Amino acid sequence: MKRNLLLTPGPTQVPPQLCEALGRPIIHHRTPQFQDNIKQALEGLKEVFQTKNDIYILTSSGSGAMEAAVVNLLSIGDKAIAVDGGKFGERWVELCQTYKANTVIHKVQWGKAPTAGEIKSLLNAHPDTKAVFITLAETSTGVTPDVKAIGEVVKNTKAVLVVDAISGLAAQEIRTDEWHCDVVVSGSQKGLMLPPGLAFVSASAKAIELINMSTTPRYYFDLRECKKAMEKTDTPFTPAIGILIALVDSLNMIKKDGLNNMFARYAQLARAVRAGCSAIGLELYPDPSCATNVLTAVKVPANIDGEKLTKIMRDTYGITFAGGQDHLKGKVIRMAHMGALDEYDVLTGLACLEKVLHQMGHKFELGAGLTAAQKSLNAKV
Ligand SMILES: *Cc1c(COP(=O)(O)O)cnc(C)c1O
């Protein structure tokens, strides 16, 4: 009878209303009834993306949308700048290299954000750049760059700005049009509170030009076909029908809640969790000046094995945190602040974290983290 509380930064908790929507019998996708769902989904997505651009709906995990961006924007040998400051930035690099783009890798120290100044220098040094790839919320490190400032730099060049907002969308602000983000990709299983299975790609007019010019072979992820289908309120292939139907409900929930209220709530959860972690001696992993509110990544005390910590929390108490990726394995833990999570979910998470840390011999005053988090949650801002 153990609970299963997902505090991971993807997949996230699916709220009961959406579980109900997902449990409905599916309908056929080539019908006016389903078209109505596509129409509503596209309208709702445009509000969340804050765009008037095209949005294409793909059936894949988020990485499928990343791959779609790369194969549709770039041809073999095209120059691309890819920012690599964590596991997901590295995915941009790997995708660009897989499709034989001439890839300029901008390595950023994990925990730090790339700056608009750095992107500007790179674009000056590589004026033939076709696309710049960045990450809104680098989920492996908990970092967010100044996307607006980067957009200001890229918009004056021939290059398009491509943003991985897979974990960021609906959890932190992204103003696609106002910030000149030509392509924004996302997925269903993070801020949108759904199971994995749908991915989204927005494309500006500047991006559509590149999509039409690319000579890279593509089939399932051909955005030209997606555009044609979208214009007929359709999808090129059978979409994840059940998830798309539930997406309409998810977007209605978000609309009712209000994006800004959601962002404020996640910021409040982030502050509380950070206050709680700090009170029990866990230091924030990223540079606080560029930490995203989508999740909190904290360092595990030197004498504690982070892998073991998250395993006990999950297997004994049913509370799932994410561990560290790559060289951070065992060294950091990550907790989400997005989707359907509320203050009692994060307090439950912190309580469990305290319990297991205490069992594992970490020295701190039991309850100090919860007290600090409660105080933070109750301090009206
Ligand atoms: C989760 C995530 C991805 C990967 O998405 P999948 O759905 O697992 O393919 C990519 N980028 C970021 C920033 C993510 O958080």
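This is a predicted model: local features need pLDDT of at least 70, side-chain atom pairs count only at pLDDT 80 or more; totals for chains, interfaces and linings use all residues.
View 1. A backbone N or O atom of G62 is placed 2.8 Å from an oxygen atom of the ligand. For T139, a polar atom of the side chain lies 2.4 Å from a ligand oxygen atom. The side chain of K190 also takes part, with an N or O atom 2.6 Å from an oxygen atom of the ligand. On its own the ligand has 390 Å² of accessible area, and the protein covers 88% of that area.

**View 2. The shell of residues around the ligand.** The ligand is surrounded by 14 residues. The closest of these are S61, S63, T139, D164 and K190. By class, the shell consists of 7 polar, 4 nonpolar and 3 charged residues. Two helices, helix 3 (62–73) and helix 4 (87–98), supply at least two shell residues each. Helix 3 gives the most to the shell, namely 3 residues.

**View 3. The largest pocket, the space taken by the ligand.** The volume of the largest pocket is about 250 Å³. Its lining comprises 21 residues, of which P9, G10, F88, Q189 and K190 are the closest to the pocket centre. Helix 3 and helix 4 are the elements that give two or more residues to this lining. The lining divides into 10 polar, 7 nonpolar and 4 charged residues.

**View 4. The cis peptide bond from G10 to P11.** Omega of the bond that joins G10 to P11 is near -10°, and the bond is cis. P11 belongs to the loop that runs between strand 1 (5–6) and helix 1 (16–22).

**View 5. The backbone at K100, a residue with positive phi.** Phi of K100 is near 60°, a positive value in a residue that is not glycine. K100 is located in the loop between helix 4 and strand 4 (102–107). Helix 4, at one end of this loop, is also one of the elements that supply at least two residues to the shell around the ligand.

Methods: Residues are numbered from 1 along each chain as its sequence is written. Side-chain values use heavy atoms; hydrogens and water are left out. A residue is near a molecule or strand if one of its heavy atoms lies within 4 Å of it. A polar contact is a pair of N or O atoms within 3.5 Å; within protein, one must be able to donate a hydrogen and the other to accept it, and residues adjacent in sequence count only if both atoms are side-chain atoms. Accessible areas come from the Shrake-Rupley method with a 1.4 Å probe; for residues, only the protein chains shown count as cover. On a 1 Å grid over the protein atoms alone, a cavity is a set of points where a 1.4 Å probe fits but cannot get out, and a pocket is an open set with protein on both sides within 12 Å along at least five of seven lines; lining residues have an atom within 4 Å of a point. A molecule sits in a cavity or pocket if more than half of its atoms lie within 2 Å of its grid points. Helices (H or I, at least four residues) and strands (E, at least two) are DSSP runs, numbered from the N terminus. Ala, Val, Leu, Ile, Met, Phe, Trp, Tyr, Cys and Pro count as nonpolar, Asp, Glu, Lys and Arg as charged, and the others, Gly among them, as polar. Grid points are joined across faces, edges and corners, and a volume is the space filled by probe spheres set on the points.
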